[in-house]
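This report describes some parts of one protein model. Please look at the sequence and the structure before reading on.

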Amino acid sequence: MFGTLSEEAEVKVPASKAWALYGTLELAKAAAGKMLEAVDVEEGDGGAGTILKLTLLPGLGFKYYKEKFTKVDNENKVKETEIVEGGFLDIGFILYRIRIEIKENPNDDTGSSCVVKLTLEYEVKEEAAANASLVTNAPLLALLSVGSEHLLKSN
C-alpha cells in the first residue's frame, strides 16, 4: 500500500534564506527541543548520504529513528530524506520519505517570500496495511511551523 500527503505554506523570507534552513542540517537543529529531544549526525555534512539519528520527545510515538538525506539539490532547492532505521520501519513500513521543495512565490514580484512544500511518501507491507492509518500530516505541519518560526525570528 502506497500513499502520499502534502502541505505547503508561504514564508515571508526569500527562497535562498529558506533553503539555507530546510536544505541543510539547520532544520534538525531548529527542531531540537521542539519536536526532537536530540539530533545526532552519524555520518556526513548535510549533503546527500548524511545520516541523522533523531530522538523524539517523549509521547510522540517512536523513541527514535534514523534518516538519510537521499537527495540534496541546491540548484532546484529540493531535499529528500528517508527513514533507514527505527520509527515507521519498525511497524511494517518499507518506505517513509519526506521531500522538501522551496519555490519562489509566484504572487510576490519582490522576491521577499517563498513557498515551502513538504511531501510525505510512504509504503506499507500488505500484512501491516492497517498501520497506514498512523500516517498523518502532523509531522509536515510541525516542520513547517518550526521552520517558519525560526526563519522569521532570524530575519
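This is a predicted model: local features need pLDDT of at least 70, side-chain atom pairs count only at pLDDT 80 or more; totals for chains, interfaces and linings use all residues.

## Helix H1

Helix H1 covers residues 15-22. Its buried residues are Ala-15, Ala-18, Trp-19, Leu-21 and Tyr-22. Viewed down the helix axis, these buried residues fall within an arc of 160°, so they line one face of H1.

What do the buried residues of H1 pack against? Their partners are the helices H2 and H3 and the strands E4, E5, E6 and E7.

## The largest nonpolar core

The largest nonpolar core has 40 residues, and the members that touch the most others are Tyr-22, Tyr-96, Ile-102 and Val-116. Two or more residues each come from the helices H1, H2 (26-31) and H3 (138-153), and from the strands E3 (51-56), E4 (64-73), E6 (93-104) and E7. Strand E7 gives the most, with six residues.

Ile-102 has contacts in several parts of the chain. Leaving aside residues up to four places away in sequence, Ile-102 touches Ala-15, Ala-18, Trp-19 and Tyr-22, among others.

Strand E4 pairs with both E3 and E5. E3 and E4 run antiparallel and are joined by five bridges. In this pairing, Leu-52 has Glu-67 of E4 as its bridge partner.

E4 is also antiparallel to E5 (residues 78-86), with eight bridges between them. Here Asp-73 stands opposite Val-78 of E5. Four residues lie between the two strands of this hairpin, and Lys-77 has a positive phi near 55°.

## Glu-121

Glu-121 belongs to strand E7, which spans residues 114-124. Is Glu-121 buried or exposed? Its relative accessibility is 12%; the cut-off for buried is under 20%, so Glu-121 counts as buried.

Which side chains make polar contacts with the side chain of Glu-121? One is that of Arg-97, at 2.5 Å, and another is that of Arg-99, at 3.1 Å.

Key
Residues are numbered from 1 along each chain as its sequence is written. Side-chain values use heavy atoms; hydrogens and water are left out. Buried means under 20% relative accessible area, exposed over 50%, partly exposed in between (1.4 Å probe, protein chains only). A polar contact is a pair of N or O atoms within 3.5 Å; within protein, one must be able to donate a hydrogen and the other to accept it, and residues adjacent in sequence count only if both atoms are side-chain atoms. A nonpolar core is a set of buried Ala, Val, Leu, Ile, Met, Phe, Trp, Tyr and Cys residues joined through side-chain atoms within 4.5 Å. Contact means heavy atoms within 4.5 Å. Two strands pair if DSSP finds at least two bridges between them. The arc is that of the directions from the helix axis to the C-beta atoms.
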